[in-house]
Amino acid sequence: MTDLLSLLGANRCQVWHQANRALAQYNVAIAQAGRSHKEGVIGTLHFMAGDDREGRAGSEQPLARLLRSHWSTRQPQDSLRTIAQRLGVVHTTLGRWLDGSRMPSEDQVRALADVLKITGRARDDLLKVAQWTSARGGTVGLFGISDDVSEILNLESQATTITEWSPLRVPALLQTAQYARNTEKDNADHGATLKLGRQSALLENKAIPYEVYLGMSALASRVGGESVMAEQLEKLLVASDQTATEVRLVPDDLDWHDGQLGPFVLYERDGEPAVVYIQHLGASTYLTYPEVVGQYRALVADLDALALTPQQTRRHIEDALQALTGTTRCPSTRH
């Protein structure tokens, strides 16, 4: 322990003890609430600002996470060996790029983007991450990306369906760059860039159904001012038209329901346990215990019953947009 504390230094030591004390308090709270089970673990608590990263595997690399996200949604589904041959590398090397144990060069990432036909903004963001990774020697936690965000990238790459409840603001996967910058206190440009990259990888190819239950209050917020909100509302309409996204508004003036306890994201995965992600100020929780995940599935069913239809939702968003801009949007082209 002495060697470890010497390695981390005085500041990291303080963070180490704070995180452990907080985790102990969390476990006590869970036990007092009567929700512990025989393994003693319901989920995993990640401290975004002070989580210790010593000894973490290379697979925590943000670049590897993003590469796997693109790989999982590529078409056609060529084999690892086939893609490696086209890149002029052995398949084990490509496998190491994807698991994070070995970092490709910027030129190799560019060649991989060509082979996988990653274009537009998604390509730009991927190459930007590759450039920053190379400049920092492949350091984990690149330009302020926490292990928490790295884990989200991993979940998104595995998900077959993503369901999100967001009562007060537009979810990250649907935010415009300006909206994202106005909701990020630190590293705003980096956070906005990463969000756009995640959107490109997951939504623009229509590969993963994304179901969003959005509180009415999110439309009334003035994040960044009227022009930013108008652009954001327009993006919600475009996302519903052109991606595998379904947005449904949940009215605010309802009797109590458990969704009022706060936002969450439910990731359903083939062959793997579902995961519920809850973000707090300075910390985040991943819930995997089946009984708890089942409660969130039941909550999704409740939200489904309370929410407006997609058509009603669209009309409300269009009305909110018209109130901001004074113009009427063209009818939906979604079929």
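Biologist: At what angle do the axes of helix α11 (residues 226–242) and α13 cross?

Modeller: First, a word on the source: this is a predicted model, in which local features need pLDDT of at least 70 and side-chain atom pairs count only at pLDDT 80 or more, while totals for chains, interfaces and linings use all residues. Residues are numbered from 1 along each chain as its sequence is written, and side-chain values use heavy atoms, with hydrogens and water left out. Now the general idea: two packed helices are described by the angle between their axes and the distance between the axes. Here the axes of α11 and α13 cross at roughly 150° and come within 9 Å. Axes are lines fitted to C-alpha atoms, for helices over the stretch in contact, and angles run from 0 to 180 degrees between N-to-C directions. The two helices are therefore roughly antiparallel to each other (under 35 degrees is roughly parallel, over 145 roughly antiparallel, 65 to 115 roughly perpendicular, and the rest oblique).

Biologist: Is the crossing of α11 and α13 left-handed or right-handed?

Modeller: The crossing is left-handed; that is, the near helix is turned anticlockwise from the far one by less than a right angle, whereas clockwise would be right-handed.

Biologist: Which residues in α11 and α13 meet?

Modeller: Contact means heavy atoms within 4.5 Å. Among the residues that meet are Met 229, Leu 233 and Leu 237 in α11, with Ile 317, Leu 321 and Leu 324 in α13. By class, this contact has nine nonpolar, five charged and two polar residues (Ala, Val, Leu, Ile, Met, Phe, Trp, Tyr, Cys and Pro count as nonpolar, Asp, Glu, Lys and Arg as charged, and the others, Gly among them, as polar).

Biologist: What angle do α3 and helix α5 (residues 106–115) make where they pack?

Modeller: The angle is about 120°, with the axes 10 Å apart. This pair is therefore oblique, and α3 passes α5 in a right-handed crossing. Ile 83, Arg 86 and Leu 87 of α3 make the contact with Ala 111, Leu 112 and Val 115 of α5. Five of these residues are nonpolar, one is charged and none is polar.

Biologist: How many helices and strands does the chain have?

Modeller: The chain has 13 helices and seven strands. Helices (H or I, at least four residues) and strands (E, at least two) are DSSP runs, numbered from the N terminus.

Biologist: Which way do strand β3 (residues 210–215) and β4 run, parallel or antiparallel?

Modeller: Two strands pair if DSSP finds at least two bridges between them. Strands β3 and β4 run parallel and are joined by six bridges, with Glu 211 facing Glu 246 of β4 as its bridge partner. By contrast, strand β5 (residues 264–269) and strand β6 (residues 275–280) run antiparallel with three bridges, and Leu 266 has Val 276 as its partner in β6. Strand β6 is also joined to strand β7 (residues 283–287) by five bridges, again antiparallel.

Biologist: Which residue takes a positive phi in the hairpin of β6 and β7?

Modeller: That residue is Gly 282, with phi near 90°, in a hairpin with two residues between the strands. The hairpin of β5 and β6 has five residues between the strands, and there Gly 271 takes a positive phi near 75°. Lys 117 has a positive phi of about 60° although it is not a glycine. Lys 117 lies in the loop between α5 and α6 (120–135).

Biologist: Is Thr 313 buried or exposed?

Modeller: Buried means under 20% relative accessible area, exposed over 50%, and partly exposed in between, with a 1.4 Å probe and protein chains only. Thr 313 belongs to helix α13 (residues 310–325) and counts as buried because its relative accessible area is 1%. Beyond its neighbours within four places in sequence, Thr 313 touches Val 247, Arg 248, Leu 249 and Leu 308. Strand β4 (residues 245–250) is itself mostly covered, with five of its six residues buried. Lys 117, at 58% relative accessibility, is therefore exposed.

Biologist: Where is Arg 74 found?

Modeller: Arg 74 is in the loop between α2 (62–72) and α3 (80–87). Its relative accessible area is 8%, so Arg 74 is buried. Leaving aside neighbours within four places in sequence, Arg 74 is in contact with Ser 79 and Leu 116. Arg 74 and Leu 116 are 42 residues apart along the chain, yet their C-alpha atoms are separated by 6.5 Å.

Biologist: What share of the chain do buried residues make up?

Modeller: Buried residues make up 46% of the 335 residues. Of the contacts between residues at least 6 apart in sequence, 73% join residues at least 24 apart.
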